[in-house]
Protein chains: 2
Amino acid sequence: MYVPPAAPDARAPISDEQLDLKLKRVAIDTNLENVVYLNRDCLIYRIAGFQALSKVEVVAGEHRITATLNVVDDAAIISPDEIGLSEDAFKRFGVEAGALARVRHAEKPASVGALFRKINGERLEKDDYHAIVRDITGGHYSKIELTAFLIATSNGELDRDEIYFLTDAMVASGRRLEWQEHMVVDKHCIGGIPGNRTSMLVVPIVAAHGLLCPKTSSRAITSPAGTADTMEVLANVNLAQDRIASIVREHRACLAWGGTADLSPADDVMISVERPLSLDSTTQMIASILSKKIAAGSTHLLLDIPIGPSAKVKTVPDAQRLRKLFEYVASRMHLKLEVVITDGRQPIGQGIGPMLEARDVMRVLENDPRAPQDLRHKSLNLAGRMIEFDPDVRGGDGYSIARDILESGRALHRMHAIIEAQGAKGFKHDNFMLGRLSHEVVAERDGMVLGIDNLQIAKIARLAGAPKVPNAGIDIMHKLGDRVKRGDTLYIIYAEFPSDLLFAMQQCEKASGYTIGDDTEIPHSYLEF
Amino acid sequence: MYVPPAAPDARAPISDEQLDLKLKRVAIDTNLENVVYLNRDCLIYRIAGFQALSKVEVVAGEHRITATLNVVDDAAIISPDEIGLSEDAFKRFGVEAGALARVRHAEKPASVGALFRKINGERLEKDDYHAIVRDITGGHYSKIELTAFLIATSNGELDRDEIYFLTDAMVASGRRLEWQEHMVVDKHCIGGIPGNRTSMLVVPIVAAHGLLCPKTSSRAITSPAGTADTMEVLANVNLAQDRIASIVREHRACLAWGGTADLSPADDVMISVERPLSLDSTTQMIASILSKKIAAGSTHLLLDIPIGPSAKVKTVPDAQRLRKLFEYVASRMHLKLEVVITDGRQPIGQGIGPMLEARDVMRVLENDPRAPQDLRHKSLNLAGRMIEFDPDVRGGDGYSIARDILESGRALHRMHAIIEAQGAKGFKHDNFMLGRLSHEVVAERDGMVLGIDNLQIAKIARLAGAPKVPNAGIDIMHKLGDRVKRGDTLYIIYAEFPSDLLFAMQQCEKASGYTIGDDTEIPHSYLEF
């Protein structure tokens, strides 16, 4: 039961000044979640009826921030006359330590009415999505509200116009780059295929052809390497926006990390919930990909949808449905979109993990005979399709133009120029130190490789340390259709730390990811590429 | 990018002992969320690739706990060789400070596969619900996973068998009381009507008749007072289970707080998310109410469903649908259920807030002429229906038996006995100190009271301080159908603190909650009670 702060006979009114608190930066990193720390004996805590984990608003002059309350019983962390903010929250608040601040119950964000209607299954309008995304970007949604929004808008809950509204709202939530050119091309893969580093080949090829391709990529979220992680082996990818602009002006392309550009920032907030939930809904995928590309100034986008039994999309009809949704939203957003459906039955290339994938990319660029032919072929195919965005190129000529650029060394030359411009790391792809611990996974019988599970291979490579440990990962020795003998090495796991190798090996014992059988069991190839 | 903890030429293997950390209790209250604190320079943090807010598992011998990671940059809070746990997490972990502990990536809880299927719209089976509820009760779900489950199972997403599975799983998640009697009665209201303190009248009446009624109640979640908050004005409600048992043995009843009994503990965890989302889905309502009652050992339950324009249920057909769902699940759980649909068009009684409601209850028990007649009448009606659970009572006789018990003073006598047994607070309902600040809300025109908004009245009373400040709240002077003159007092707001009164008055200015109009505008009374 509530105990008043003073005896009833000493019921002095509380003055406003008694509610002022001294701001303190608490050196605790709570990532995207703003946390405020109050001492349990703090007057306002005692009279305002806050609860731990309740949402409060901290105010100092014009500055205000909403945060989740943690109650502190240790005056060394926060004393009763102080108010603490977690590291990122302190930065976002933008007020210096020691300044006076007050705290009060946070008003619910203005858009929760719309959120509650969506939870109840209603269709929302454009204004609703803009209001919700503004509140998400502004940090006004708690993790709980954010999760509720993502689940209530996941698969099947939104019609195609609502997906367009959401995409449009996400573009409006951040900056929008202008390249002052009539054509800005980009490519994107919906993901799920380990080793699939085509961007690092496609970008120098199309730039060498003369197209403008200011490529920004993400780091791996659930995969063993993203394009940004792999490019980072070769060059600096953490570039300021004006640096990117000058590199693109000079070389027609870049291969940078997109995280600092404030493009569709709502997407980054949503990912903080999607990642732990392994949530990969069609709605979010479309809104996330298209909003990032449009905000980055793209006018033409080539989208790669791989299909296969362990890919994100499993059948051709599913891929067609997804394609039509992408096309509808892109057309509403005035983005020219080409969709390519590709073979996603197994990893692309040989290496899985940042350094191993960087090696594969460089071998393709150098026309090295050891280069993985599937990665080379797929990249030429995609680059060719992008080159055909060029109105001066005849339909069907793109592939041979791309191949000529690659075989002549012009793609390699352009890649070197981009690496130098971004800041070369001096990575020697023919002589680098792989993870000092390794384990060979061998065939348990004679036969043919009939299946490779993308998800299991990705999981093992991640447990081995990729992408955090750049020289960890998997080197694949046999692909679909290869004949193997019992004891042949299927792939080698590389790790830097004993516990990482142990976790990866334990996962291997559950399932190696490989299916080996007789020639007669070859599944009917449901796709021709 | 990842920076190895040592130069490549000093690649000494890391010994297992280097991963041991000294356990520390961090005096930060994060309520139901377990938080673990690691210093950014801690070896395991640097090599394991944890991220702030990622889910980790802390292990010491047989003890383990999953928690959300906060990264600390201040060695005074946590040094690199320590591992900290937030207050409640430290208690739950059950290991003493200074003991050695390790931290690792938390495995996803076993039931997330089922959770992901539900998010994708699949129907789940009994085993799935049991697995999910076990993980929720065990604290293995993050706030994000918990929210995802609640939204994915909210209105319309579960069929009636799934609601039964969920209810059954929630009962199985905690203790189940046994009273060794063939009939244990209880009553429950689905809520939403301010002032509706019938339990404190019904319980002493039915106990005086001889029925066993071990009533445990919740505190207010979103209302200005729960039964536990109001009873706490009169007596201690925070009772150990064996104390409750002995009171019930002696007096056939109690009026205690249910929070300590470990009954359907999953419900308490779910409420921590439902509350900030104002989520009140039918699914959760049914599973929550029935699981608590069945775990408390009830065999017979009377359920009150008020309907009205600002009640939770707005129409008779909606109430009937809800009734059938309750009846179906109750019958699967072998609970005898009677549903009463009641008038929820306005608050019940005169006072809103713990002390004001306690006053109303005592006036009814004392047959005081000032007692609110609607509260008296409704309580007699409900008590009568419960008395008819008694096979020796003729159908239709319950009301007059209840009235006789009340008018004879036997109900008051029983209430005094229960108060004494639980520990009387000595509250004088005819002479107590209301909040020292007050504000009268007056009629702005002559006319008749045509509408009173339950939600607005509840909101104003809460802003005034109820239930945290027990002498705050609202005293109602006019109810539906009353004729008023311009300037007549409609209700008085009581508050203890200036800021509380200010917030309540600001809310009043938006809307007083009262609609006053002409006699000719009287809405057709859609319900007769």
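**Close-ups of a predicted model**

View 1. A:L301 has A:L337 in β12(A) as its bridge partner.

**View 2. The open sheet of chain A, ordered β8-β11-β12.** Here we have three strands with parallel pairing. At the edges sit β8 (185–189) and β12 (336–343) of chain A, each with pairing on one side only. Going from one strand to the next, the twist averages 20 degrees.

**View 3. Helices α8 and α13 of chain B, packed at an angle of about 75 degrees.** The axes of α8 (residues 227–234) and α13 (residues 354–365) are 8 Å apart. With that angle falling between 65 and 115 degrees, α8(B) counts as roughly perpendicular to α13(B). On the α8(B) side, the contact is made by B:D229, B:T230, B:E232, B:V233 and B:L234; across from them, α13(B) brings B:P354, B:M355, B:E357 and B:A358. Sorted by class, that's five nonpolar, one polar and three charged residues.

**View 4. The largest nonpolar core, with 277 residues.** Which residues have the most contacts inside this core? They are I205, V206 and A464 of chain A, along with B:I205, B:V206 and B:A464. Take B:I205: setting aside neighbours within four places in sequence, B:I205 touches B:A383, B:A402, B:I405, B:L406 and B:A411. Another core, of 58 residues, lies apart from the largest one, and its members include A:V103, B:C42, B:L69 and B:A101.

Conventions. Residues numbered from 1 in each chain as written. Chains lettered and ligands numbered in written order. Predicted model: local features only at pLDDT ≥ 70, side-chain atom pairs only at ≥ 80, totals over all residues. Axes fitted to C-alpha atoms, helices over the stretch in contact; angles between N-to-C directions. Helix = DSSP H or I, 4+ residues; strand = E, 2+ residues; numbered from the N terminus. Parallel < 35°, antiparallel > 145°, perpendicular 65-115°, else oblique. Contact = placed C-beta atoms within 7 Å. Nonpolar A, V, L, I, M, F, W, Y, C, P; charged D, E, K, R; others polar. Pairing = 2+ DSSP bridges. Core = buried A, V, L, I, M, F, W, Y, C linked by C-beta atoms within 7 Å. Buried ≥ 20, exposed ≤ 12 C-beta atoms within 10 Å, placed from the backbone.
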